Amino acid sequence: MKIISLPARDQWKTYLKRPIEDQSHILSTAKDILEEVRMQGDDALRSLARKFHEPVLQDLMVSSEEIRQGEREVTDHLKQSIQTAYKNIKAFHEKQVTPIEVIETMPGITCWRKSVGIEKVGLYIPGGTAPLFSTVLMLGIPAKIAGCREVIMCTPPMKDGRVHPAILYAAKLVGITTIIKAGGAQAIAAMAFGTASVPVVHKIFGPGNAYVTAAKQLVQMQGVAIDMPAGPSEVCVLADETSHAGYIAADLLSQAEHGADSQVMLVSCDADLVQQVMVSLEQQLAALPRKDLARKALDNSRAFIVSNREEAIDLVNAYAPEHLVICCSNALQVADQIINAGSVFIGKFTPESVGDYASGTNHTLPTNGFSRAYSGVSVDSFVKKITFQQLSEEGLNNIAPTVMSMAEAEGMVAHSNAVRIRLESK
């Protein structure tokens with residue numbers, strides 16, 4: 001992890017760059033996979049599984065017996081943990097549902113907006129280097145609250161051809177029964193175009209590797225909505241002299257272990273603290289099962305020493321992290337000054353891990369600086385907002401002069417006539 005002391009503002013953009021690999025090969029490969037699945041359906045899913053050294057399955061759909069068997073294999077302790085996370089996530093997301101409010105904009109004119117669940121949604125759940133059963137909760141719970149009629153889930157099988165038991169248990173808890181054994185860009189293609197086993201969906205959600213991300217971007221260009229632009233996981237820690245170096249190192253490593261292309265950042269005014277964090281990083285890293293991946297991520301990461309807290313906050317907002325951990329005095333006041341972040345973790349007792357799993361907030365968040373313009377997944381991500389209006393005769397009389405004047409000024413005479421014919425026929 002490289003230490004950068006007192007960086008000049010005109011150099012921030014360079015220092016804050018994410019690790020970016022050449023996307024041309026990835027996009028080309030993903031495009032070929034999309035076309036193969038579009039043309040050959042389930043046969044393509046099987047041949048691609050063989051090509052990528054994955055289990056080749058005749059039956060791509062997870063059976064009800066497999067779901068029951070998966071549930072039996074999950075320990076009671078893990079079930080209780082998943083149930084606690086489910087309860088917290090559900091409680092937080094249920095409060096995002098707002099009642100319909102009818103507004104009378106002028107006498108005789110009422111307008112309102114209604115949330116309608118997207119009819120068919122697809123969830124991609126990674127299961128390669130780590131089976132992310134927590135993502136089943138993060139996507140499945142808001143989908144169900146939103147009222148989506150069909151929720152399809154794709155996830156790659158393990159080497160024995162089965163889906164990880166914890167993924168199946170989380171899916172059953174949420175109420176997802178259509179589960180497809182397919183991973184990678186081919187799973188995205190299957191949900192976008194449909195196959196004999198996989199229904200077509202209207203919007204696709206979920207994280208994944210570079211090929212999954214590329215496939216989502218490509219199908220979006222072909223009319224299938226996606227949750228957000230997404231890339232490798234990242235965290236930024238804003239810390240001062242009151243912080244605990246071990247806590248900071250642990251938070252940095254919690255994201256670095258996601259993969260070699262992840263990035264972690266530390267911003268502080270205290271050079272001594274930064275050095276202490278470097279020591280703790282090495283100590284904690286040595287004990288991690290995924291230390292090789294984490295070390296590669298640290299090679300792409302930075303620790304910034306800045307002059308004052310205001311500059312530190314500006315640097316964080318310039319980076320626009322997926323996750324931001326604020327470990328400093330007056331952390332809540334500092335949090336009020338954050339305008340670019342996917343999710344914020346306030347104070348020394350709020351590790352980033354709690355949001356990844358069970359505090360209640362969603363862990364599907366914008367990366368790569370997209371938190372400047374995008375929000376994380378919520379119930380709103382799974383609904384359409386439809387507006388309605390109703391006019392009485394009085395309402396039409398009141399607004400007619402305004403509409404006709406504006407329409408005629410724009411040269412839209414037929415728009416004006418649609419109002420005039422009603423006035424003249426009374």
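Contact here means heavy atoms within 4.5 Å. In this predicted model, contacts between residues at least 6 apart in sequence were examined, and 74% of them join residues at least 24 apart. The chain has 426 residues, of which 47% are buried. Its secondary structure comes to 17 helices and 14 strands. The C-alpha trace spans about 85 × 60 × 45 Å along its principal axes. The accessible surface is about 20700 Å². Carbon and sulfur atoms account for 53% of that surface.

Helix α7 covers residues 165-174 and is mostly covered. Eight of its ten residues are buried. The buried set runs from Pro-165 through Ala-166, Ile-167, Leu-168, Tyr-169 and Ala-170 to Ala-171, and also takes in Val-174. The cover over these buried residues includes three helices, α4 (64-73), α5 (76-94) and α6 (133-146). It also includes two strands, β5 (150-155) and β6 (178-181). Gly-175 follows α7. The phi of Gly-175 is positive, near 105°.

Helix α11 spans residues 271-285 and has 15 residues. From its first C-alpha to its last, α11 reaches 21 Å. This is close to the 21 Å expected at 1.5 Å a residue. At the start of α11, Asp-270 places a side-chain oxygen within 2.9 Å of the backbone nitrogen of Asp-272. The buried residues of α11 are Leu-273, Val-274, Val-277, Met-278, Ser-280, Leu-281 and Leu-285. Both strands and helices supply cover for them. Among the strands are β1 (2-5), β9 (234-239), β10 (263-268) and β11 (302-305). The helices include α10 (245-256) and α12 (291-299).

Individual sites were then considered. Leu-218 is found in helix α9, residues 210-220. Its relative accessible area is 15%, so Leu-218 is buried, the cut-off being under 20%. Beyond its neighbours within four places in sequence, Leu-218 is in contact with Leu-27, Ala-30, Lys-31 and Leu-34. Asp-43 stands 175 residues from Leu-218 in sequence. The C-alpha atoms of Leu-218 and Asp-43 are 21 Å apart in space.

Ser-197 lies in a loop, between α8 (184-193) and β7 (203-205). Ser-197 counts as buried because its relative accessibility is 17%, which falls under the 20% limit. Its side chain makes a polar contact of 2.6 Å with the side chain of Asp-42.

Val-344 belongs to strand β13, residues 343-346. Val-344 has a relative accessible area of 32%, so it is partly exposed; that class lies between 20% and 50%. Val-344 contributes to a nonpolar surface patch. Leu-332 and Ile-346 complete the patch, which has an area of about 230 Å².

Notes
Residues numbered from 1 in each chain as written. Predicted model: local features only at pLDDT ≥ 70, side-chain atom pairs only at ≥ 80, totals over all residues. Heavy atoms only, no water. Helix = DSSP H or I, 4+ residues; strand = E, 2+ residues; numbered from the N terminus. Buried < 20%, exposed > 50% of the residue type's maximum accessible area, 1.4 Å probe, protein only. Patch = residues over 30% accessible without salt bridge, like charges linked within 9 Å, V, L, I, M, F, W, Y side chains within 5 Å. Areas by Shrake-Rupley, 256 points an atom, 1.4 Å probe, with all protein chains shown as cover. Salt bridge = Lys/Arg side-chain N within 4 Å of Asp/Glu carboxyl O. Polar contact = N/O pair within 3.5 Å; in protein donor to acceptor, adjacent residues only side chain to side chain. Expected span 1.5 Å × (residues − 1).
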